Amino acid sequence: MLGSFKNVLRRILRVFNKKKIIQLGFYGPVNAGKTTLANKIAKDWLGKELGNVSEIPHETRQVQKIENVEVSTGSGKLSMNIVDMPGIATQVDYKRFMGFGMDDEEAKTRAKEATKGVIEAIKWLDNVDAVLVVMDSTVDPYTQVNVTIIGNLEARGIPMIIIANKIDIKGSKPDAIESAFPQHLVVPISAATGKNLDELYKAIENYLT
Amino acid sequence: MPHKCTKCGKVYQENDERILRGCECGNRMFFYFRKLTHEEAEKIERDSNAKKVKSESLSRVINDIEKDAIWNIKAGDGIYEIDLDSLMSREPLIVEGDEGEYLVSLSSLFELKKGLKKYIDIIKK
């Protein structure tokens, strides 16, 4: 309740102060491409990357933040703090990591860290102005994780844009994401190639600032 | 599973011989812990006429946790089941670990659950 009130108050103050820097959280299931997107934006506009990217699930297990990213949108400048969150999951099983060459102990440590990461990511919801929900457009969007994230963001009144990522991969279906969440703006992009990122920046400027 | 005396509320571990011999208070009836719905917990309390434990004891904490069924995470040897909805709905952070270890985040209780705020930060049994 208190967090929700603080969120609303922060947004009201932002409107009156004409605050231009937004705290933008990247949320979504594991391996959706959140860190790839954060890295792409950071590299394009700051010349440096934020975090490691890997095919192994839960590569990002701590919240990573990069401040004062300034992006030219054509009509102006967009200033944001990017907060890349650990992937959200309903189950973390160490056995899944063992297929990537980890031993028992390493895999269990990773599972524990990943679970803590989920908690941290959710706690950070009280500190973001807006959210990009990053989804993998090559997989079915009707998942408990996606539905729970979207539902809770709606309940908290946090503005969001849904990213249909990985459109460079054959078989991607951004339309399926649009059909699943018709009440929200869905922007198809490829974080890996940078395709449609200009559209994303415009969408952030128009819908989230 | 741990057993709790229906009369005085004392908690005994799974292999404690007191479960067979009866509680220190003389009572011989126990109920064991499992995740209960609110209704189930209330019914058990009514039926057993269990006294409320006044102290900030472990049994009270566990009892309240069970009664409120506010688990966020269940852990078992490297496998974690996460109740996303309760976490995102700002339920207090309660973790059930291996072998009956319970972790309770005091900060989350302070912020979110007034009735439980007095309890200790990390509870192990």
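pLDDT is the predictor's confidence in each residue, on a scale from 0 to 100. The structure is a predicted model, in which local features need pLDDT of at least 70 and side-chain atom pairs count only at pLDDT 80 or more, while totals for chains, interfaces and linings use all residues. Residues are numbered from 1 along each chain as its sequence is written, and chains are lettered from A and ligands numbered from 1 in the order in which they are written.

For chain B the mean pLDDT is 63, and 42% of its residues reach 70 or more. Among the elements of chain B, helix α1 (residues 18-21) has the highest mean pLDDT, 85. Strand β8 (residues 122-123) of chain B has the lowest, 34. Residues 48-59 of chain B have pLDDT below 50. Beyond near neighbours in sequence, this stretch has 20 contacts in the model; two residues are in contact if their C-beta atoms, placed from the backbone, lie within 7 Å. Residues 112-125 of chain B also stay under 50. For them the model has 26 contacts beyond four places in sequence. Where pLDDT is low, the predicted coordinates should not be read in detail. For the complex, the predictor gives an ipTM of 0.71 and a pTM of 0.68.

Chain B contains 5 helices and 8 strands. Helices (H or I, at least four residues) and strands (E, at least two) are DSSP runs, numbered from the N terminus. Along the sequence, the order in chain B is β-β-α-β-α-α-β-β-α-β-β-α-β. Chain B has 125 residues, of which 19% count as buried. A residue is buried if 20 or more other C-beta atoms lie within 10 Å of its own, exposed if 12 or fewer, and partly exposed in between, with C-beta atoms placed from the backbone. Of the contacts in chain B between residues at least 6 apart in sequence, 40% join residues at least 24 apart.

The contact between the chains takes 14 residues from chain B and 19 residues from chain A. On the chain B side, β5 (79-82) and α4 (84-88) each supply at least two residues. By class, the side of chain B that touches chain A has 8 nonpolar, 2 polar and 4 charged residues. Here Ala, Val, Leu, Ile, Met, Phe, Trp, Tyr, Cys and Pro count as nonpolar, Asp, Glu, Lys and Arg as charged, and the others, Gly among them, as polar. Strand pairing also links the two chains: β4 (residues 91-93) of chain A and β5(B) pair in the antiparallel sense over 3 bridges. Two strands pair if DSSP finds at least two bridges between them. Within this pairing, A:Q91 stands opposite B:E81 in β5(B).

In chain A, strand β1 (residues 21-27) has 5 of its 7 residues buried, so β1(A) is largely enclosed by the rest of the structure. β1(A) pairs in the parallel sense with strand β3 (residues 77-84) of chain A, over 6 bridges. In β3(A), A:V83 stands opposite A:G25. β1(A) also pairs in the parallel sense with strand β5 (residues 130-136) of chain A, over 4 bridges. There, A:L132 in β5(A) is the bridge partner of A:F26.

β5(A) has 6 of its 7 residues buried, so β5(A) is largely enclosed by the rest of the structure. With strand β6 (residues 160-165) of chain A, β5(A) forms a parallel pairing over 6 bridges. A:I161 in β6(A) stands opposite A:L132. The chain passes from β5(A) through helix α5 (residues 144-156) of chain A to β6(A), in a right-handed β-α-β crossover. A crossover is right-handed if, with the strands pointing away from the viewer, the path from the first strand over the helix to the second runs clockwise.

The loop between β6 and α6 (174-180) of chain A holds A:I169. A:I169 counts as exposed, because it has 12 C-beta neighbours inside 10 Å. A:I169 and A:T138 lie 31 residues apart in sequence, yet 7.4 Å apart in space, C-alpha to C-alpha. A:K166 is found in the loop between β6 and α6 of chain A. Its phi is near 70°, a positive value in a residue other than glycine. With 25 C-beta neighbours inside 10 Å, A:K166 counts as buried. A:N68, in strand β2 (residues 64-72) of chain A, has a positive phi of about 55° although it is not a glycine. A:N68 counts as exposed, with 11 C-beta neighbours inside 10 Å.
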